[in-house]
Amino acid sequence: MLRIFAVIVVSVLMVPGAVGAVQHTRSQQWKLSWSDEFNGPDGAPPDPAKWEIVTGGNGFGNKELEQYTAKNVHQEHGNLVITARHESFTGADGIQREYTSARLQTKGRFEQKYGRFEARIKIPQGQGMWPAFWLLGNDKTTAGWPGCGEIDIMENVGYEPGKVHGSLHGPRYSGDSPLTGAYSLPAGSKFSDGYHVFAVEWDASAIHFYVDDHLYETQTPDSIPSSKRWVFDHPFFILLNVAVGGQWPKDPDANTQFPQQMLVDYVRVYTHP
């Protein structure tokens, strides 16, 4: 999500049940290292010991339209709820924007190098919606972006209701040329119709991308030319957000219904025992 703009380059496309699709079976045991089950009281904000609520509305390098606020996120019925609204809102910068939403991160609270990162999510729908579950390198302040590295575990753009993307951004393979793949549901199905588990399994040799435990993409240091640098070798922190508009999803249109919500049942992170 932190990029010049996301892209529609697809390196891998898997459909459940299709020839070549891989059903992931866990041959390795995992040890839970961090989680949030979002079981706080209805209406409560996310746990501040685990999450920072990001505010602002500067477009985030993608010409996004939303203002991120604290009022657009809460816990309800065992879910984290991020709500995107069509409403006028003037931020601290004095600029009025026509959409609000929310963005969370574990920066300064939790970060991890390698392991399994997963979340069970029901995404919003509609033209201009851009939900994401992703990771950024903890050296972003010093290395900048994309030098810090970015792992997009799940991104969806509303005009592709049955498809999600998994991508890596690093130095000289970012913006419109990341390492990327996509996973599609059977024709006519939408990710917004129900919950799905989005995950990566990451170690020194590879990053594997999964939807509902179907492996659909693998990236390794050999995925990039030797002249480019693999930067997925240090701790990363977690982000969740719903952007509205931007260079990739384009603006909402007259058919986009608001409010829209992303429901997150849990986020879990594992290490090898």
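**Core packing, salt bridges and backbone geometry**

Of the 48 residues that make up the largest nonpolar core, Ile121, Phe133, Ile151, Phe232, Ile238, Leu240 and Val267 touch the most other members. Strand 18 (residues 236-244) supplies the largest share of this core, five residues. The model described here is predicted. In soluble globular proteins, nonpolar side chains tend to be buried together.

Apart from neighbours within four places in sequence, Phe133 is in contact with Phe117, Glu118, Ala119, Ile121, Asp152, Ile153, Met154, Phe198, Ile238, Leu239, Leu240 and Val267. Among these partners, Ile121, Ile238, Leu240 and Val267 also belong to the group of core residues that touch the most other members.

Attention then turns to Cys148, which is found in the loop between helix 1 (140-143) and strand 12 (150-155). Cys148 counts as buried because its relative accessibility is 0%, the threshold for burial being under 20%. With neighbours within four places in sequence left aside, the contacts of Cys148 are Leu136, Gly137, Asp139, Lys140, Ala143, Val231, His234 and Phe236.

The C-alpha atoms of Arg229 and Gly170 are separated by 7.4 Å, although the two residues are 59 residues apart along the chain. Arg229 lies in the loop between strand 17 (214-219) and strand 18.

Side chains of opposite charge can pair when their charged atoms come close. The count of salt bridges comes to seven. One of them joins Arg97 to Asp93, with the closest N and O atoms 3.1 Å apart. Arg97 counts as buried because its relative accessibility is 12%, whereas Asp93 is partly exposed, with a relative accessible area of 44%.

A further salt bridge is formed by the side chains of Arg116 and Glu118, at 2.7 Å from N to O, and both residues are buried. The side chains of Arg120 and Asp265 likewise meet in a salt bridge, at 3.0 Å from N to O. This pair links distant parts of the chain, with Arg120 in strand 10 (residues 115-122) and Asp265 in strand 19 (residues 260-271), 145 residues apart. Arg120 counts as partly exposed, since its relative accessibility is 30%. Salt bridges that share partners join Arg116, Glu118, Glu201 and Asp213 into one network.

Lys250 is placed in the loop between strand 18 and strand 19 and has a positive phi of about 65° although it is not a glycine. At 47% relative accessibility, Lys250 counts as partly exposed. Lys63, in the loop between strand 4 (52-54) and strand 5 (66-68), has a phi near 60°, a positive value in a residue other than glycine. Because its relative accessibility is 62%, Lys63 counts as exposed.

Conventions:
Residues numbered from 1 in each chain as written. Predicted model: local features only at pLDDT ≥ 70, side-chain atom pairs only at ≥ 80, totals over all residues. Heavy atoms only, no water. Core = buried A, V, L, I, M, F, W, Y, C linked by side-chain atoms within 4.5 Å. Buried < 20%, exposed > 50% of the residue type's maximum accessible area, 1.4 Å probe, protein only. Helix = DSSP H or I, 4+ residues; strand = E, 2+ residues; numbered from the N terminus. Contact = heavy atoms within 4.5 Å. Salt bridge = Lys/Arg side-chain N within 4 Å of Asp/Glu carboxyl O.
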